[in-house]
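Student: I would like to learn how to read the features of a structure one at a time. Could we take each general idea and then look at its case here?

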Amino acid sequence: MDAEGSDFWQSHSLKYLEMAFRTDKNEIIKNPDGYGKKEGDCGDTVELFLITRGDIIETASYNVNGCLNTVACANTIIDMIEGKTLDKAWDVIPEDVAQYLETLPEDHFHCAELAVGALYLALANVKELRRDPWKKAYKQHY
């Protein structure tokens with residue numbers, strides 16, 4: 001491995017590396033209780049899928065078309081919201097994601113903003129589908 005390659009592994013926290021390479025939450029959920037999709041100016045896209053039980057986010061997953069930083073941010077969001085209330089999930093902000101990862105490059109902070117934006121859209125979708133449950137049968141997000 002060249003010096004440039006080893007710099008990557010040495011310059012990132014264990015949390016960042018775990019979130020960047022974790023794949024168990026990379027899944028498209030059919031008929032989610034909440035769905036959000038956001039595309040960034042950089043061309044990356046994050047989709048978030050939520051399954052709820054009452055006001056608790058029971059399961060969350062993502063689908064990312066983008067860089068490793070965006071994947072790390074999407075996985076971090078999942079870690080932060082699973083098992084939490086919907087209200088608590090609304091409290092997640094991009095700064096929380098960057099702080100959790102410890103070594104998200106400053107020039108990729110927009111990846112955290114993108115992932116949080118998709119989360120907010122998914123949470124709003126949960127609210128919408130609870131208000132108008134008939135819409136769930138007609139939604140096709142994927």
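Student: Which side chains meet Arg-130 and Asp-55 in a salt bridge, that is, what is the N to O distance between the two?

Tutor: Before the distance, a word on the source: this is a predicted model, in which local features need pLDDT of at least 70 and side-chain atom pairs count only at pLDDT 80 or more, while totals for chains, interfaces and linings use all residues. Residues are numbered from 1 along each chain as its sequence is written, and side-chain values use heavy atoms, with hydrogens and water left out. A salt bridge is a side-chain nitrogen of Lys or Arg within 4 Å of a carboxyl oxygen of Asp or Glu. The side chains of Arg-130 and Asp-55 form one, with 3.0 Å from N to O. This pair links distant parts of the chain, since Arg-130 belongs to helix α6 and Asp-55 to the loop between β2 (45-53) and β3 (56-65), 75 residues apart. Helices (H or I, at least four residues) and strands (E, at least two) are DSSP runs, numbered from the N terminus.

Student: How many salt bridges are there by this rule, and which residue forms one with Glu-82?

Tutor: The count comes to 6 salt bridges. Glu-82 pairs with Lys-25, their closest N and O atoms being 2.7 Å apart. Here too distant parts of the chain are linked, with Glu-82 in the loop between α3 and α4 (86-89) and Lys-25 in the loop between α2 and β1, 57 residues apart. To read exposure, take buried as under 20% relative accessible area, exposed as over 50%, and partly exposed as in between, with a 1.4 Å probe and protein chains only. Lys-25 is buried, at 17%, whereas Glu-82 is partly exposed, at 24%. Arg-22 and Asp-24 also meet in a salt bridge, at 2.6 Å from N to O, and salt bridges that share partners join Arg-22, Asp-24 and Asp-79 into one network.

Student: What does the side chain of Asp-33 reach, and where does Asp-33 lie?

Tutor: A polar contact is a pair of N or O atoms within 3.5 Å; within protein, one must be able to donate a hydrogen and the other to accept it, and residues adjacent in sequence count only if both atoms are side-chain atoms. Asp-33 lies in the loop between α2 (14-21) and β1 (34-39), and its side chain reaches the backbone nitrogen of Thr-52 at 2.8 Å. Thr-52 lies in strand β2 and is buried, with a relative accessible area of 14%. The side chain of Thr-52 in turn makes a polar contact with the side chain of Arg-130, at 3.1 Å. For the wider surroundings, contact means heavy atoms within 4.5 Å. Leaving aside neighbours within four places in sequence, Thr-52 is in contact with residues including Asp-33, Leu-86, Val-126 and Arg-130.

Student: Where do the buried residues of α5 fall when seen down the axis of the helix?

Tutor: The buried residues of helix α5 (residues 94-101) are Pro-94, Val-97, Ala-98 and Leu-101. Seen down the axis, they fall within an arc of 95°, so they line one face of the helix; the arc is that of the directions from the helix axis to the C-beta atoms. What covers these buried residues includes α2, α3 (68-81) and α6 (109-131).

Student: How many disulfides does the structure hold?

Tutor: A disulfide is a covalent bond between the sulfur atoms of two cysteines, and the cut-off used here is a pair of cysteine sulfur atoms within 2.5 Å. The structure holds 0 disulfides. For Cys-42, the nearest cysteine sulfur is that of Cys-111, 5.6 Å away; for Cys-73, the nearest is also that of Cys-111, at 5.5 Å. Cys-42 is partly exposed, at 43% relative accessible area, whereas Cys-73 is buried, at 0%.
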